[in-house]
Amino acid sequence: MSLRVFVCEACGRAVFPRRLLCPDCGGTEWRREPVDGGVLEAGTERDGVRVGAVRTPLGPLVITRIESESRPGTDVPLGEDGDVPVSRAT
Amino acid sequence: MVEPSDAVIVGAAESPYSRHPPEGVTTESLLADAFVRVLASSGISREEVDGLGVASFTLAPDRAIDLAWKLGIRPRWLMDDGNGGASGIQLLQHAMRAIDAGDATTIVLLSGDHFDSAAFRVLVDTYNRTTAQYLAGIPTGGPNVLFAMLTRQQMDTHGLEREDYGRLVVAQRRWAGLNPGAVYRAPLTLEEYLAAPVVAEPLHRLDCVPVVSGADALVVTAAGQGGVGIRALRGLHNHDGQEGDGLRTGIAELARGLWEDAGAGPEDVDIVSVYDDYPAMALAQLADLGFASDGDLRAFLRRRIEEERLPVNTSGGQLSVGQAGAAGGMIGLVESVAQLLGQAGERQVEDARLAVVTGYGMVLYRYGACANAVVLERR
């Protein structure tokens, strides 16, 4: 299971979360493109829940639950739990 | 150059903040109390008020017009603003132009909120659609985790330790000790700051604003005798589409024009009020305004804040006075106006003449998107 980011049909710009208009070209049509993971840029923990910011290869930085002990600077997987991003333990 | 305004702020008041307000207190009762207080402090009668602007998260489903009716005023100019930490300066930006244009002559601006813990949980999980859809389910449980990550990044970039942030928090608490309206007034040592329980590393309890109930108010009128003038005011919102590092706010981009309009610079101001939802963001705004021109944030905190006691957030700021929802966007204005009018009591900064105030906030996804700033002067 991967995380599906939003890619502008007109110009290929990737965003997450979805915008109404593409920030670059103003396009309104989006396709979903899967990313399997990215680089964990930052992380913290609150009440036992680990949260991280993961840089996807398509560009967007995604806020996600981290279910592993991964350290910042390492590659982590990305998936979805409904609309919510999650990085599960491998 | 942005056209200057002839409007002046002639009164500032606060309905006392409280962590656990007595039974029967509501958002509208707090706003009404701030309204009554600000009229009393400025010597203006209710009949003279012909403009009303309101910022509140918890006034809904009521709006400014409901409040106008219940306060018994007949405004010619009416405005609701929902932009949180930027709402105070946002309301002022509109009010001063309404005064200049003659749409109104006497405008009261109100902001405030009353939360119980359930209402606060709902607010943080449904802050906007993006939060409800993409963050609440993680669960992030509010913005602390986001600003924890930003703080860590600022620490790594600038070689800051927790104790560096502590210098600002301790300094603000020292000011709060002189403010009878502050929720937390007891002197705070750096050791106590460091020993506070962890919230989300590297943030500990004293890095996070206490949620309180309260309200703030200002009166803006056409120029007359005295008051506080608005030398310059600029806003820049969504400056980077939430795709930057989150530590350079829109203030960095508006600062040059702001200071040019004001004909002054950071070195000229006597009072500084920055939006202090977290110490890292207060520091980011100070840097964006040009207060650490050499980029050495660590030396700035040690020298200017700790040793030289630069008057930053002289009420104690939200970190010590508390965050009363949208009133957090007006607390800096109210304190700066009080200082410039010579009404700041024990914490009065001698001969305060010029102040800079910032607004910041509205976390869209990763960090605050709204930013504005104003330079105020004693007339």
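A salt bridge is a side-chain nitrogen of Lys or Arg within 4 Å of a carboxyl oxygen of Asp or Glu, and in this predicted model one such pair is formed by B:E243 and A:R13, whose closest N and O atoms are 2.9 Å apart. That pair belongs to the interface between chain B and chain A, where 20 residues of chain B are in contact with 24 residues of chain A. The briefing below begins with this interface and then turns to the sheet of chain A, the sheet of chain B, and a few local features of the backbone and side chains.

**The interface between chain B and chain A**

- Between them, chain B and chain A bury about 1900 Å², and 61% of this area lies on carbon and sulfur atoms.
- On the side of chain B, the residues that lose the most area to chain A are B:Y134, B:I138 and B:M149, which together account for 36% of what that side buries.
- The number of salt bridges between chain B and chain A is two, one of them being the pair of B:E243 and A:R13 described above.
- Counting polar contacts with both residues at pLDDT 80 or more, seven residue pairs are found between chain B and chain A.
- The elements of chain B that give two or more residues to the side touching chain A are helix 5 (129-135), helix 6 (144-158) and strand 5 (198-200).
- Sorted by residue type, the side of chain B that touches chain A holds 11 nonpolar, six polar and three charged residues.

**The sheet of chain A**

- In chain A, six strands form an open sheet in the order 7-4-5-6-9-8, and their pairing is mixed.
- The edges of this sheet are strand 7 (75-77) and strand 8 (79-81) of chain A, each of which pairs on one side only.
- From one strand to the next, the twist of the sheet averages 50°.
- Within the sheet, strand 4 (residues 37-46) and strand 5 (residues 49-55) of chain A run antiparallel and are joined by seven bridges, and A:V39 has A:R55 in strand 5 of chain A as its bridge partner.
- Helix 6 of chain B packs on this sheet, where it touches strand 4, strand 5 and strand 6 (61-66) of chain A, and the direction of the helix makes about 115° with that of strand 4 of chain A.

**The sheet of chain B**

- In chain B, nine strands form an open sheet in the order 3-2-4-7-1-8-11-10-9, again with mixed pairing.
- Strand 3 (77-80) and strand 9 (271-273) of chain B each have a single partner strand and stand at the edges, so one side of each is left without a neighbour in the sheet.
- On average, and with direction ignored, neighbouring strands of this sheet are turned by 20° against each other.
- Strand 2 and strand 4 (residues 106-113) of chain B pair in the parallel sense over five bridges, and B:G53 stands opposite B:L109 in strand 4 of chain B.
- Helix 13 (residues 331-340) of chain B packs on the sheet, touching several strands, including strand 1 (8-18), strand 7 (213-221) and strand 8 (228-235) of chain B, and its direction makes about 120° with that of strand 1 of chain B.
- Strand 1 and strand 8 of chain B run antiparallel and are joined by two bridges, with B:V228 in strand 8 of chain B as the bridge partner of B:I9.
- Strand 8 of chain B is also joined to strand 11 of chain B, by seven bridges and in an antiparallel sense, and here the bridge partner of B:G235 is B:N372 in strand 11 of chain B.

**Local features of the backbone and side chains**

- The peptide bond from A:F16 to A:P17 is cis, with omega near -5°, and A:P17 is found in the loop between strand 2 (14-15) and strand 3 (30-35) of chain A.
- In chain B, the peptide bond from B:A60 to B:P61 is cis, with omega near 5°, and B:P61 is found in the loop between strand 2 (51-55) and helix 2 (64-71) of chain B.
- B:R309, a residue other than glycine, has a positive phi near 55°, and B:R309 is found in the loop between helix 11 (297-307) and helix 12 (317-321) of chain B.
- Over all chains the count comes to 31 salt bridges, among them the pair formed by the side chains of A:E80 and A:R32, with an N to O distance of 3.5 Å.
- Because A:E80 lies in strand 8 of chain A and A:R32 in strand 3 of chain A, this pair ties together parts that are 48 residues apart in sequence.

Note on methods:
Residues are numbered from 1 along each chain as its sequence is written. Chains are lettered from A and ligands numbered from 1 in the order in which they are written. This is a predicted model: local features need pLDDT of at least 70, side-chain atom pairs count only at pLDDT 80 or more; totals for chains, interfaces and linings use all residues. Side-chain values use heavy atoms; hydrogens and water are left out. Contact means heavy atoms within 4.5 Å. Buried area is the accessible area (1.4 Å probe) that two parts lose on being put together, summed over both. A polar contact is a pair of N or O atoms within 3.5 Å; within protein, one must be able to donate a hydrogen and the other to accept it, and residues adjacent in sequence count only if both atoms are side-chain atoms. Helices (H or I, at least four residues) and strands (E, at least two) are DSSP runs, numbered from the N terminus. Ala, Val, Leu, Ile, Met, Phe, Trp, Tyr, Cys and Pro count as nonpolar, Asp, Glu, Lys and Arg as charged, and the others, Gly among them, as polar. Two strands pair if DSSP finds at least two bridges between them. Axes are lines fitted to C-alpha atoms, for helices over the stretch in contact, and angles run from 0 to 180 degrees between N-to-C directions.
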